Amino acid sequence: MYRVLIADSQPIYRTGLKTIINAQPHFKVIAETSNATDTYVKVTEGDIDIVVMAISMPPGECGVTVTHRIHDNYPNTKVLINTSHEEHHYIDDSLHYGAAGYVLKTSPASEFSAALTTVVQNRIFVDQNIILTPADFKQIDSTQADEQLYYYNALSSREREVLPLMVLSCPNKEIASRLFITTKTVEAHKSSIMRKLDYPSHAKLVKYAVKNGLVDF
């Protein structure tokens with residue numbers, strides 16, 4: 001039985017998706033989250049085989065960046081992007097950063113079911129309504145996206161969790177509570193983030209995060 005986590009900010013959509021997934025043989029939804037931070041924390045707890053990941057889950061980190069972190073640190077957990085975004089830079093970056101598949105919310109349930117069964121066979125799935133061009137394949141296989149986020153890639157896994165909450169001006173106490181760490185640890189991570197990214201002001205940090213699609217508002 002493949003254990004599935006649904007990560008989507010819309011409760012009604014999660015309910016419908018859960019019904020579809022649980023109707024498939026060998027798949028069962030065991031957890032739901034509404035934002036990227038909680039999604040990553042849930043994956044760290046283990047027992048998740050597949051994350052069905054939305055891209056836009058404001059406020060906070062977007063689905064593409066948390067997909068990157070999951071792929072780097074928990075490569076055995078498959079990430080299936082399920083989104084309404086058809087823009088090719090989302091598709092290219094998602095697959096470049098380790099997503100096992102990309103299926104549109106506008107597609108029929110049969111397409112989503114096909115995506116599920118494909119990714120657990122260690123094969124990449126791309127929605128039949130998406131046409132990849134040679135430029136897409138070049139971007140998916142290139143290091144250009146990594147170069148654009150060179151400084152971000154220098155952050156530790158925990159610092160990448162703190163960054164979106166920091167950008168959203170969450171109090172240290174709230175960040176500590178959500179990530180199960182102390183406020184002193186939060187302060188240390190904040191200092192390290194500002195040093196590594198070389199952004200002396202909160203305003204510049206916000207601009208960097210928005211420009212690189214690290215945070216949804």
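Select Ser169. Ser169 is exposed, at a relative accessible area of 51%; exposed means over 50%, buried under 20%, partly exposed in between, with a 1.4 Å probe and protein chains only. Ser169 lies in the loop between H9 and H10. Its phi is near 60°, a positive value in a residue other than glycine. Most residues other than glycine have a negative phi, and most peptide bonds are trans.

Before moving on, note the ground rules. This is a predicted model, in which local features need pLDDT of at least 70, side-chain atom pairs count only at pLDDT 80 or more, and totals for chains, interfaces and linings use all residues. Residues are numbered from 1 along each chain as its sequence is written, and side-chain values use heavy atoms, leaving out hydrogens and water. Helices (H or I, at least four residues) and strands (E, at least two) are DSSP runs, numbered from the N terminus.

Next, select Phe180. Phe180 sits in the loop between H10 and helix H11 (183-197). Its phi is also positive, near 60°. Phe180 is exposed, with 66% relative accessible area.

Now show helix H9 (residues 157-167) and helix H10 (residues 172-179). Their axes come within 11 Å and cross at roughly 140°. Axes are lines fitted to C-alpha atoms, for helices over the stretch in contact, and angles run from 0 to 180 degrees between N-to-C directions. That makes H9 oblique to H10: angles under 35 degrees count as roughly parallel, over 145 as roughly antiparallel, 65 to 115 as roughly perpendicular, and the rest as oblique. Show side chains: Arg158, Glu161, Val162, Leu165 and Met166 in H9 meet Ile175, Arg178 and Leu179 in H10. Contact means heavy atoms within 4.5 Å.

What does Thr37 touch? Select Thr37, in helix H2 (residues 36-44). Its contacts are Glu161, Leu165, Arg178 and Leu179, not counting residues up to four places away in sequence. Thr37 counts as buried, at 3% relative accessibility.

Move to helix H1 (residues 11-22) and helix H5 (residues 109-119). Here the axes come within 10 Å and cross at roughly 60°. H1 and H5 are therefore oblique to each other. Leu17, Ile20 and Ile21 in H1 meet Ala109, Phe112, Ser113 and Leu116 in H5.

Last stop: Pro59, in the loop between strand S3 (50-53) and strand S4 (60-61). The Pro58 to Pro59 peptide bond is cis, with omega near -5°.
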